[in-house]
Amino acid sequence: MMKKLKLAVFISGRGSNMRSIVQACAEADFPAEVSVVVSNNPDAAGLDFAKENGLACVVVDHKSFHGKAAFENAIYDALQDYDIDLICLAGFMRILSADFIARWPANSIINIHPSLLPDYKGLDTHQRAIDDGRDQGGCSVHYVTPEVDGGDVILQRVVPILPDDDADSLAERVLPEEHIAYPEAIRLIAAS
Ligand code: GRF
């Protein structure tokens with residue numbers, strides 16, 4: 001088998017997408033392994049799962065740095081120990097600067113976003129799709145560029161938006177699709 005991609009998974013909270021990636025990596029034929037989980041939030045619930053599963057965890061609390069550059073330098077420095085091939089943003093609630101992105105080879109940072117990009121970049125995606133009367137929502141895994149949620153899409157999964165949906169019920173329908181999409185996108189990248 002080819003060498004597995006070494007992943008750094010960045011989280012800020014619940015970490016359910018990180019969990020789906022970790023679970024996929026447990027499959028013998030999955031072409032990647034999680035080398036480290038990075039959180040900007042010391043209280044991120046996802047860190048518990050990561051630690052219970054014996055994963056290396058790095059907490060870089062943005063609140064303890066003066067400015068984004070110092071925060072990002074600390075993340076960059078911490079990652080030097082792990083020989084990372086791909087950074088997977090999974091509910092990571094900090095916007096990475098163009099400088100940080102430029103320090104990595106092209107297309108080595110990806111993100112999952114809960115909308116069918118290029119529609120509904122940014123926050124409150126589900127509510128905005130409902131307010132616009134859309135009949136489809138979903139999620140996108142995409143490359144990260146300095147334009148927030150603006151990089152090329154790797155894959156999307158679509159769900160219907162039903163007449164009675166609110167943002168919570170739609171999010172509940174989209175989340176399981178995210179958990180399929182993220183590992184699948186990593187497979188596609190490994191095969192490319
Ligand atoms: C997901 O909906 C993801 O698409 C968005 O933030 C949420 C994170 O959820 N970027 P989790 O922390 O992976 O459970």
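**A partly exposed residue**

Mentor: Let us begin with Asp85, which counts as partly exposed because its relative accessibility is 31%. Please keep in mind that this is a predicted model.

Trainee: Which side chain meets that of Asp85 in a salt bridge?

Mentor: The partner is Lys3, with an N to O distance of 3.4 Å. The pair links distant parts of the chain, 82 residues apart: Lys3 belongs to the segment before β1 (5–11), and Asp85 to the loop between α3 (68–79) and β4 (86–89).

Trainee: Is Lys3 buried or exposed?

Mentor: Lys3 counts as exposed because its relative accessibility is 61%, and the cut-off for exposed is over 50%.

Trainee: How many salt bridges are found in the whole structure?

Mentor: The search finds eight. One of them joins Lys6 to Glu33, whose closest N and O atoms are 3.5 Å apart. Lys6 is in strand β1 and Glu33 is in strand β2 (residues 32–39), so this pair ties together parts 27 residues apart in sequence.

Trainee: And which residue forms a salt bridge with Arg157?

Mentor: Glu177 does, with the closest N and O atoms 2.7 Å apart. Arg157 lies in strand β7 (residues 153–160) and Glu177 in helix α6, so parts 20 residues apart in sequence are tied together. Arg157 counts as partly exposed at 30% relative accessibility, whereas Glu177 is buried, with a relative accessible area of 18%.

Trainee: Why does Glu177 count as buried at 18%?

Mentor: Its 18% falls in the buried class because buried means under 20% relative accessible area.

Trainee: Let us change topic. How many residues does the largest nonpolar core have?

Mentor: That core has 40 residues, and Leu7, Ile110 and Ile186 have the most contacts inside it. Helix α6 (residues 167–191) supplies the largest share, eight residues. There is also a second, separate core of 21 residues, which includes Val58, Ala78, Leu79 and Leu89.

Trainee: What is Leu7 in contact with, leaving aside its neighbours within four places in sequence?

Mentor: Its contacts include Ile21, Cys25, Val36, Leu86 and Ile186.

Trainee: Finally, which residues surround the ligand?

Mentor: They are Arg14, Gly15, Ser16, Asn17, Gly91, Ile112, Pro114 and Glu178. A polar side-chain atom of Arg14 lies 2.6 Å from a ligand oxygen atom. A backbone N or O atom of Asn17 is 2.9 Å from an oxygen atom of the ligand, and one of Ile112 is 3.2 Å from a nitrogen atom of the ligand.

Trainee: How much of the ligand does the protein bury?

Mentor: The ligand taken alone exposes 370 Å², and the protein buries 83% of that.

Key: Residues are numbered from 1 along each chain as its sequence is written. This is a predicted model: local features need pLDDT of at least 70, side-chain atom pairs count only at pLDDT 80 or more; totals for chains, interfaces and linings use all residues. Side-chain values use heavy atoms; hydrogens and water are left out. A nonpolar core is a set of buried Ala, Val, Leu, Ile, Met, Phe, Trp, Tyr and Cys residues joined through side-chain atoms within 4.5 Å. Buried means under 20% relative accessible area, exposed over 50%, partly exposed in between (1.4 Å probe, protein chains only). Helices (H or I, at least four residues) and strands (E, at least two) are DSSP runs, numbered from the N terminus. Contact means heavy atoms within 4.5 Å. A residue is near a molecule or strand if one of its heavy atoms lies within 4 Å of it. A polar contact is a pair of N or O atoms within 3.5 Å; within protein, one must be able to donate a hydrogen and the other to accept it, and residues adjacent in sequence count only if both atoms are side-chain atoms. Accessible areas come from the Shrake-Rupley method with a 1.4 Å probe; for residues, only the protein chains shown count as cover. A salt bridge is a side-chain nitrogen of Lys or Arg within 4 Å of a carboxyl oxygen of Asp or Glu.
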